[in-house]
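Take a moment to look over the fold as a whole.

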Amino acid sequence: MAIRTIRLEDDPVLGKKCRPVEKMTDKIHQLIDDMLDTMYEANGVGLAAPQVGILKKVVVIDVGDGPIVLINPQILETEGEQTGDEGCLSVPGMAGEVTRPNYVKVKAMNENMEVFEVEGTELLARAFCHEIDHLDGIMYTSLVKGGLHPVEYQDE
């Protein structure tokens, strides 16, 4: 396991569409492990493979309930609406107001390449949308209303 370099918003890889994962390999397993380590090290709640320079449809998310690994994810259903500040590990120190669905159902494959569905609301729904957007080369900054602003960190 290793910490990978997170690509920043001016990196052209972040604007590219990712390719599906055709089969599980040792390299994909290693990528997933490294992405989880990298996300936790950076105190993030989600990370997509292009953010570490890999154009594969792989996403990891953890909003506090344990890691979720999504391979070749696709959004099946959305409902409702939420508007709030959103940030990104590829745009450090900044946030912006984005409107997302309040409920999202996703179909994906797990690390055994088995198809499953997962649902989320609020922060998890936001994370699903944000990370899956990365797989299509979409940065949240293109969805921000009113511009970016510095993130105010709170001491814990």
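The paragraphs below go from the overall build to the sheet, the helices and the cores.

This is a predicted model, in which local features need pLDDT of at least 70 and side-chain atom pairs count only at pLDDT 80 or more, while totals for chains, interfaces and linings use all residues. Residues are numbered from 1 along each chain as its sequence is written, and side-chain values use heavy atoms, with hydrogens and water left out.

Start with the parts list. The protein chain has two helices and eight strands. Helices (H or I, at least four residues) and strands (E, at least two) are DSSP runs, numbered from the N terminus. Along the sequence they follow the pattern α-β-β-β-β-β-β-β-α-β. The radius of gyration (taken over C-alpha atoms) is 15 Å, close to the 15 Å that the globule rule (2.2 Å times the number of residues to the power 0.38) gives for 156 residues, so the chain is as compact as a globular protein of that length. Its C-alpha atoms fill a box of roughly 40 × 35 × 35 Å along the principal axes.

How much of the chain is buried? Buried residues make up 44% of the 156. Buried means under 20% relative accessible area, exposed over 50%, and partly exposed in between (1.4 Å probe, protein chains only).

Two strands pair if DSSP finds at least two bridges between them.

Look closely at β6. Six bridges join β3 to β6, and Glu-79 stands opposite Tyr-103 in β6. Seven bridges join β6 to β7. Here Met-109 stands opposite Val-115 in β7. Five residues lie between the strands of this hairpin, where Met-113 takes a positive phi near 60°. β6 is mostly covered, with five of its seven residues buried.

Another antiparallel pair is β4 (residues 82-87) and β5 (residues 94-100), joined by six bridges. The bridge partner of Gly-87 in β5 is Ala-95. This hairpin has six residues between its strands, and Gly-93 takes a positive phi near 80°.

A nonpolar core is a set of buried Ala, Val, Leu, Ile, Met, Phe, Trp, Tyr and Cys residues joined through side-chain atoms within 4.5 Å. The largest one here has 26 residues, and Ile-61, Leu-70, Val-106 and Phe-128 touch the most other members. β2 (58-61), β3 (68-79), β6 (103-109) and α2 (122-135) each supply at least two of its residues. α2 gives the most, with seven. A second, separate core of 16 residues includes Val-21, Met-39, Ala-49 and Val-69.

Ile-61 shows how parts of the chain meet. Leaving aside neighbours within four places in sequence, the contacts of Ile-61 include Met-39, Val-45, Leu-70, Leu-124 and Phe-128.

End on Cys-129, which lies in helix α2. Is Cys-129 buried or exposed? Cys-129 is buried, with a relative accessible area of 6%. Beyond its neighbours within four places in sequence, Cys-129 is in contact with Ile-75, Arg-100, Pro-101 and Val-104. Arg-100 is 29 residues away along the chain, yet the C-alpha atoms of Cys-129 and Arg-100 are separated by 7.4 Å.

Definitions and conventions. Contact means heavy atoms within 4.5 Å.
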